[in-house]
Amino acid sequence: MNLTAIIRLIIFLTLNFSALAIGRIFTASGVTSDWYMTLDKAPWTPPGWTFGVAWSLIMFLFTVYMTYAWEKINNRKILIVLFTVQWILNVIWNPAFFYYQNVAAGVVIIIALLIVVATFQFSYHKKLSIKSYLITPYLLWLIIASSLNIYIIIAN
């Protein structure tokens, strides 16, 4: 890996983990709130600790994915737009769901995020080949998270 790629890796690490840090501001007190604790949650809801582990792994793999994508994708403007939209959706889900307690907005946001991540996965598969699978955990986690959000709407 050359110096330019290392710098890109550091930039994407910083951006991706800053999204998690901003989200944590809203999630920390939200998870322990009376509102969230009394919601009827899906039986397949993972234990709380798995969310931090999963998101950390996902953002690390997404960082590596973006570092490779930056080198391989010719139309970087679209790549930047997709990344920015993904970043914004990732950040705003937390206040929508936990701070404003708006589960319906949370579902809309997370499904939009799922579509954007799926766009990454499928649009750039030919250019990135096997490296495109670095984003698969992100896609799978969003499918699970979407199902958890939808269950909360239905059950509550």
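Rings of Phe, Tyr and Trp (for Trp, the six-membered ring) count as a pair if their centres lie within 6.5 Å; planes under 30 degrees apart are stacked, over 60 edge-to-face, and the rest tilted. With that rule, a search of the whole structure turns up 20 aromatic pairs.

A quick word on where this comes from: the model is predicted, so local features need pLDDT of at least 70 and side-chain atom pairs pLDDT 80 or more, while totals for chains, interfaces and linings use all residues. Numbering runs from 1 along each chain as its sequence is written, and side-chain values use heavy atoms, with hydrogens and water left out.

**Aromatic pairs**

Here are two of the pairs, side by side.

| Pair | Geometry | Centre to centre | Angle between planes |
|---|---|---|---|
| Y36 and F97 | edge-to-face | 6.2 Å | 70° |
| F62 and Y65 | stacked | 6.1 Å | 15° |

Y36 sits in helix 2 (residues 34–38) and F97 in helix 4 (residues 76–99), so this pair ties together parts that are 61 residues apart in sequence. F62 and Y65 are both in helix 3 (residues 48–72), 3 residues apart, which puts about one helical turn between them. Y36 and F97 are buried, and F62 and Y65 are both buried too; buried means under 20% relative accessible area, exposed over 50%, and partly exposed in between (1.4 Å probe, protein chains only). F62 and Y65 also belong to one aromatic cluster with F12, W55, W70, F83, F120, Y124 and Y138.

**The overall fold**

The protein has 7 helices and 0 strands, taken as DSSP runs numbered from the N terminus (helices: H or I, at least four residues; strands: E, at least two). Its radius of gyration is 16 Å, close to the 15 Å that the globule rule gives for 156 residues, so the protein is as compact as a globular protein of that length. That radius is taken over C-alpha atoms, and the rule is 2.2 Å times the number of residues to the power 0.38. The C-alpha trace spans about 50 × 25 × 25 Å along its principal axes.

Of the 156 residues, 43% count as buried. Among contacts (heavy atoms within 4.5 Å) with a separation of 6 or more, 80% come from residues 24 or more positions apart.

L15 is in helix 1 (residues 3–31) and, at 34% relative accessibility, counts as partly exposed.
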